[in-house]
Each structure stands twice: as C-alpha cells, then as structure tokens.
Amino acid sequence: MISVQNVTKSFSQGHEQSQVLKGVDLDIKQGEFVAVMGPSGSGKSTLLQLLGGLDIPDEGTIEIGEERIEKMKEKERTIFRRRNVGFVFQNYQLLQNLNVEENIAFPIHADGTLKPSDQKRINGLIKAVGLSGLEKKRVNLLSGGQQQRVAMARALVNNPGVLLADEPTGNLDRAKAEEILALMVSFHRNDNQTIVMVTHDIFAAGFADRIVLFKDGKVERIISRKDDDYAEYLANFMA
Ligand code: ADP
Ligand code: MG
C-alpha cells in the first residue's frame with residue numbers, strides 16, 4: 001500500500017544544507033496500523049509530510065497504492081492527496097474562525113460543492129467523534145481534545161484509504177489521549193484505513209501492528225509485539 005525506497009531529504013539552514021532523511025526504506029501493507037517513534041529532530045514529521053504528498057523527496061520513490069506520488073505534478077499530487085490521504089497535523093491546524101461543521105467540510109469545499117451525501121457523511125462523523133450539539137460552535141472555543149476530534153473527522157471526511165497522524169495525542173492529557181486513540185482504533189476497525197501515526201508515547205504506539213523506530217534520518221528497526229525483545233528494546237530505544 002505504501003512503499004518508500006531510498007528516500008532522502010535535505011533542508012537548507014542558512015548556507016548549510018542539512019540532510020534530514022538519509023535513505024529511508026519502508027513498506028506498509030494495506031490496512032496496517034503503523035506507529036513511528038524516535039528522538040525529536042530525527043525526521044519523523046518530514047517523512048509523514050512526504051508520505052502525504054505535502055512535499056517531495058530529493059531522491060528515492062514513494063508509492064501510495066499504485067501511484068508514484070513523487071513523480072506527480074504539483075496539481076495532480078494535490079488532487080491525489082485530497083482523495084486518498086487524511087492528515088491529522090501536530091497542532092490540529094484547524095481554521096480558527098470557522099465552526100466545527102465548516103472545518104470538517106473544508107476538504108470537500110476545496111474540491112467542489114457540498115452534496116447531500118457529503119452532508120450526511122459530515123453529520124455521521126460529528127456523531128462518531130462525539131461532537132453532536134457542537135456543530136455550529138467556533139473551534140477556537142473548543143478544548144484541545146475537542147479540537148483534535150474535529151481534526152480527526154476532517155481527515156476522514158473524504159473516506160481516505162490512508163490516514164497520517166502526527167503526534168495526535170501529543171498535546172492531550174492521558175484520559176483525552178486514550179479517547180482519541182480509541183477513536184482511531186474504531187475507525188481503523190470499521191474502514192480498514194492504512195494508518196501511519198508518529199508518536200512519542202509508548203502507550204499510543206502499543207495500539208499499532210508494528211512500530212518503526214526512527215533514528216538519525218533512517219529506519220533503525222521495525223518492531224512488533226510478537227518479537228521476543230519487544231518491551232525491552234522499545235524501553236531502551238526511548239530512554
Ligand atoms: P521530528 O518530527 O522527528 O521531530 P522533523 O522532521 O520535524 O523531526 O525535523 C527534522 C529536522 O529537519 C529538524 O532539524 C528540523 O529543524 C528540520 N526541518 C524540518 N522541516 C524543515 C523545513 N521546512 N525547513 C528547514 N528545516 C526543516
Ligand atoms: Mg515532529
């Protein structure tokens with residue numbers, strides 16, 4: 001479903017070029033829930049941006065489904081992204097002066113007009129994320145946990161095959177984090193999206209089928225609960 005091969009990415013900082021991704025290889029199956037963990041600054045968000053077609057690699061290939069997204073023209077990639085990829089950003093990135101319903105509908109508006117079937121899906125998502133009654137509330141009046149629910153619903157509005165989430169529980173307390181994870185898991189069980197979730201939280205990562213351990217711009221190891229040294233290795237890696 002997602003295939004990353006030998007991907008590199010550099011950013012210029014002043015006169016210096018610094019290579020953030022140093023040859024990433026990664027294969028994720030259709031319907032798999034993968035967590036990405038690693039030290040801050042190791043390139044996790046950069047990788048997610050590339051998977052979502054928000055940016056392109058310097059070298060290497062990124063395949064989503066059958067499509068080579070790094071080869072697409074920018075406009076083609078934007079259309080592909082809107083149809084196939086849902087993105088939950090690190091700090092929600094909602095449109096603060098719009099209400100809950102308008103935020104969730106936004107990706108549809110960006111693509112055309114709202115059909116009755118779209119409105120039905122939006123209503124269903126609002127209910128599913130537990131925001132019934134708050135449809136017309138401006139999002140800047142919501143709590144962090146509520147804003148993250150809006151972000152989740154917006155990411156899923158086009159029923160994407162792929163959901164990318166960057167630290168979706170990062171700004172939430174334990175109880176709110178568990179609620180958001182439970183939501184992700186229930187959407188995943190129902191619709192079988194392929195999920196890639198960047199997280200610092202071992203508890204959150206425990207929901208994933210596999211955990212990609214990322215270090216210094218490369219995949220250090222991919223670990224799963226079935227591995228004998230799972231708990232020990234993970235604890236050491238994150239220490
Ligand atoms: P992580 O999510 O693992 O914390 P990031 O992918 O956000 O790491 O960042 C990795 C490195 O790349 C950091 O040093 C960051 O400053 C740099 N970086 C990320 N995006 C950009 C950008 N658009 N321009 C310049 N530097 C960037
Ligand atoms: Mg990050």
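These are my notebook entries on the overall fold and one helix pair of this protein.

**Entry 1: the model.** I noted that the model is predicted. I then looked up the secondary structure. The protein has 8 helices and 10 strands.

**Entry 2: overall size.** I looked up the extent of the chain next. How does the radius of gyration fit a compact globule? For 239 residues, such a globule would have a value near 18 Å. The protein has 18 Å, so the two agree.

**Entry 3: burial and contacts.** I checked how many residues are buried. The share is 37% of the 239 residues. I turned to contacts between residues at least 6 apart in sequence. Of these, 70% join residues at least 24 apart.

**Entry 4: a helix pair.** I picked α5, residues 144-156, and α6, residues 174-191. Two packed helices are described by the angle between their axes and the distance between the axes. I looked up both values. The angle is about 15 degrees, and the axes are 10 Å apart. Angles under 35 degrees count as roughly parallel. Therefore α5 and α6 are roughly parallel to each other. Is their crossing left-handed or right-handed? I found that α5 and α6 cross in a right-handed way.

**Entry 5: who meets whom.** I listed the residues where these helices touch. From α5 come G145, Q148, M152 and L156. They meet K176, E179, I180, L183 and F187 of α6. I sorted the residues of this contact by type. I got 5 nonpolar, 2 polar and 2 charged.

Technical notes. Residues are numbered from 1 along each chain as its sequence is written. Chains are lettered from A and ligands numbered from 1 in the order in which they are written. This is a predicted model: local features need pLDDT of at least 70, side-chain atom pairs count only at pLDDT 80 or more; totals for chains, interfaces and linings use all residues. Helices (H or I, at least four residues) and strands (E, at least two) are DSSP runs, numbered from the N terminus. The radius of gyration is taken over C-alpha atoms; the globule rule is 2.2 Å times the number of residues to the power 0.38. A residue is buried if 20 or more other C-beta atoms lie within 10 Å of its own, exposed if 12 or fewer, and partly exposed in between; C-beta atoms are placed from the backbone. Two residues are in contact if their C-beta atoms, placed from the backbone, lie within 7 Å. Axes are lines fitted to C-alpha atoms, for helices over the stretch in contact, and angles run from 0 to 180 degrees between N-to-C directions. Angles under 35 degrees count as roughly parallel, over 145 as roughly antiparallel, 65 to 115 as roughly perpendicular and the rest as oblique. A crossing is left-handed if the near helix is turned anticlockwise from the far one by less than a right angle, and right-handed if clockwise. Ala, Val, Leu, Ile, Met, Phe, Trp, Tyr, Cys and Pro count as nonpolar, Asp, Glu, Lys and Arg as charged, and the others, Gly among them, as polar.
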